[in-house]
2 protein chains.
Amino acid sequence: MQVLSVNLGDRSYPIYIGEGLLSQPELLTRHIRGRQLCIISNDRIAPLYMDKLCSSLTGLQISKVILPDGESHKTLEIWASIFDTLLAEKHNRTTTLIALGGGVVGDMTGFAAACYQRGVDFIQIPTTLLSMVDSSVGGKTGVNHPLGKNMIGAFYQPQCVLADISLLSSLPSRELSAGIAEIIKYGLISDYDFFVWLENNIDALLGGDAFALTYAVQRSCENKAAVVAQDEREGGLRAILNFGHTFGHAIETAQGYGNWLHGEAVGAGMAMAADLSWRRGAISDSELARIVDLLHKAKLPTKAPADMSPAQFMELMGVDKKVLDGRLRLVLLESMGKAITTSDIDLVMLQQTFDASKAVI
Amino acid sequence: MQVLSVNLGDRSYPIYIGEGLLSQPELLTRHIRGRQLCIISNDRIAPLYMDKLCSSLTGLQISKVILPDGESHKTLEIWASIFDTLLAEKHNRTTTLIALGGGVVGDMTGFAAACYQRGVDFIQIPTTLLSMVDSSVGGKTGVNHPLGKNMIGAFYQPQCVLADISLLSSLPSRELSAGIAEIIKYGLISDYDFFVWLENNIDALLGGDAFALTYAVQRSCENKAAVVAQDEREGGLRAILNFGHTFGHAIETAQGYGNWLHGEAVGAGMAMAADLSWRRGAISDSELARIVDLLHKAKLPTKAPADMSPAQFMELMGVDKKVLDGRLRLVLLESMGKAITTSDIDLVMLQQTFDASKAVI
């Protein structure tokens with residue numbers, strides 16, 4: 001087992017990464033300060049792991065909330081249902097919420113913990129590769145609004161994260177690839193050596209090799225933690241974590257949440273951001289080709305949906321929260337393994353990226 | 001004009017207190033960092049002051065949200081409607097929300113600011129005496145749930161508070177008394193000299209005397225700020241601010257939010273807490289009589305509703321968030337001008353307080 005510490009002063013917490021961690025309840029109980037627990041999961045994950053988790057936790061009042069699975073249910077209304085259970089079962093301020101699921105469950109549970117009685121403890125047990133490398137670090141919680149993704153939420157840190165690699169054995173291959181998208185992102189924005197490691201180990205990751213997955217989760221979390229520790233509330237540096245996401249969010253919004261997986265949209269979004277970076281001269285032809293090739297090997301889309309027009313992209317990117325005072329800001333590559341945030345965007349080049357990135361029908 | 005600083009490190013902010021402040025826009029504009037504003041008010045206050053406020057703020061994109069007036073509308077559903085406007089009118093992360101109204105508007109606006117894009121700026125312009133002395137300091141924001149008051153919310157600090165005493169001229173006398181309830185509270189829990197001042201100046205306050213009101217608001221906010229600065233997130237000391245509130249919340253819940261004003265329920269609740277403190281020997285017969293007399297002169301109820309049974313009180317106080325791990329904790333007086341929090345409650349005495357505090361039908 002690897003233990004990674006996310007350093008945020010009095011909000012610091014550990015991430016436990018390894019195989020079979022769900023069978024080690026002491027990893028959780030050391031972080032539970034009261035006698036009440038509420039485990040929040042979804043209707044796909046709960047049948048697989050809820051009983052196992054509950055049976056390992058004795059002597060506690062345990063409530064359960066089972067949410068409908070999927071990004072389309074990451075709404076204020078579904079989120080509010082968590083409070084119905086917490087209050088009906090008289091959870092007090094010392095309760096701990098446990099998120100057992102992917103990013104949607106984690107985001108909604110963390111946001112519920114941030115707001116229940118103005119803040120109670122929570123623990124993340126991510127069950128997807130994406131949530132292990134993305135939601136585990138950073139404290140971003142929230143829900144979607146019909147007019148924008150993640151528009152309502154809070155920065156709120158968990159007591160600990162339990163990343164049990166064994167849970168990934170039940171993950172559909174499409175979701176494994178979606179998680180690898182965020183892993184590739186860390187290589188591109190801040191860790192070129194890791195990008196090279198990924199080029200050499202992509203097949204092991206896709207094959208579910210536990211050693212490779214543990215290493216990739218650990219190194220991704222380390223990269224993210226280093227950024228977040230410097231900029232917990234996204235004042236500046238942290239924006240580089242959104243590499244590929246402004247394009248990706250536009251794709252997700254246009255397609256309706258849930259039709260493309262988040263990681264798939266980020267995959268296409270990173271290809272678009274890499275394309276624009278290449279047009280600016282920041283990376284070479286062969287470097288752009290290596291990025292697209294790795295995304296392709298990871299079974300991720302590298303093109304935007306065929307039915308999305310440049311005008312639709314611009315409209316959707318205009319309401320994205322990464323726009324400061326109405327001016328478009330994008331995260332682009334300065335070189336392989338180094339990202340920057342810039343509002344100095346050549347709209348002709350951007351148009352060329354839209355044209356070049358459109359899938360052929 | 002008085003300027004009081006609430007000292008909370010990098011979350012410190014000023015409270016401006018005085019007459020005619022709404023005509024001094026520079027007090028606001030120095031705290032507005034973007035070009036977007038959203039003024040949130042209710043359908044009783046907006047017709048009185050919205051135009052005046054808007055006309056003084058030039059060169060800004062101003063959106064308006066008018067909420068239905070009253071505690072019964074302090075719900076997640078009404079709160080969520082604020083986001084509909086913010087997103088439809090493309091407010092970005094540099095926007096500032098302004099709460100123009102009483103505690104309900106302030107609590108919902110602050111909570112919306114805490115959650116919109118995971119946190120934007122907000123400013124409080126309280127229009128009731130209660131919100132000037134209570135909501136102005138402390139950063140408590142939130143909404144009610146059918147199973148409990150203020151159960152969903154956040155600790156979130158404003159950029160500044162503008163307490164314009166002139167706005168109180170439109171306040172119904174019943175609401176003026178409700179505000180005086182919280183003012184009396186500060187005298188009881190932490191400032192005996194202020195309690196004596198209130199005994200001598202209660203008629204001036206009820207008569208709307210601007211000098212007396214300015215002084216009472218300032219001294220109340222100073223008392224609250226001193227407590228909050230030591231305990232921003234209600235770990236311990238801050239609980240004394242809930243003097244009278246555990247009883248009061250039970251009354252509000254039993255009567256349905258909005259039938260008794262919050263300050264009225266707190267008035268009766270403080271009389272009950274004082275009664276129990278007297279039974280424990282903490283205050284004398286004459287001190288108890290002075291407390292009840294001041295509440296009475298302030299035109300506040302000093303008895304619980306006739307139809308509330310002790311069993312109903314216990315049930316409702318059992319789900320109150322001031323219960324730690326299932327054990328009842330109450331704020332009581334240790335002496336005049338000094339409150340303590342204790343879970344050492346004699347249930348026989350508590351029963352006697354319920355019996356003695358019941359209004360005669």
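User: What makes a residue pair count as a salt bridge here?

Analyst: A side-chain nitrogen of Lys or Arg has to lie within 4 Å of a carboxyl oxygen of Asp or Glu. The model is predicted. By this rule, 2 salt bridges are found across the interface of chain B and chain A.

User: Why is A:Glu315 with B:Lys90 called a salt bridge?

Analyst: The closest N and O atoms of A:Glu315 and B:Lys90 are 3.8 Å apart. The cut-off is 4 Å, and the pair joins a Lys to a Glu, so the name applies.

User: Which elements of chain B give two or more residues to the side that touches chain A?

Analyst: They are α3 (76–88), α4 (103–115), β7 (140–145) and β8 (148–155) of chain B. The largest share, 7 residues, comes from α3(B). By class, this side of chain B has 18 nonpolar, 8 polar and 11 charged residues.

User: How many residues are in contact between chain B and chain A, and what area is buried?

Analyst: In contact are 37 residues of chain B and 37 residues of chain A. The buried area is about 3400 Å², and carbon and sulfur atoms give 54% of that area.

User: What makes B:Arg219 and B:Tyr215 a polar contact?

Analyst: The contact between the two side chains is 2.3 Å. The limit for N or O atoms is 3.5 Å, so the value of 2.3 Å falls within the limit. B:Arg219 lies in helix α8 (residues 210–230) of chain B. Not counting residues up to four places away in sequence, B:Arg219 touches B:Asp191, B:Asp193 and B:Phe194.

Key
Residues numbered from 1 in each chain as written. Chains lettered and ligands numbered in written order. Predicted model: local features only at pLDDT ≥ 70, side-chain atom pairs only at ≥ 80, totals over all residues. Heavy atoms only, no water. Contact = heavy atoms within 4.5 Å. Buried area = accessible area lost by both parts, 1.4 Å probe. Helix = DSSP H or I, 4+ residues; strand = E, 2+ residues; numbered from the N terminus. Nonpolar A, V, L, I, M, F, W, Y, C, P; charged D, E, K, R; others polar. Polar contact = N/O pair within 3.5 Å; in protein donor to acceptor, adjacent residues only side chain to side chain.
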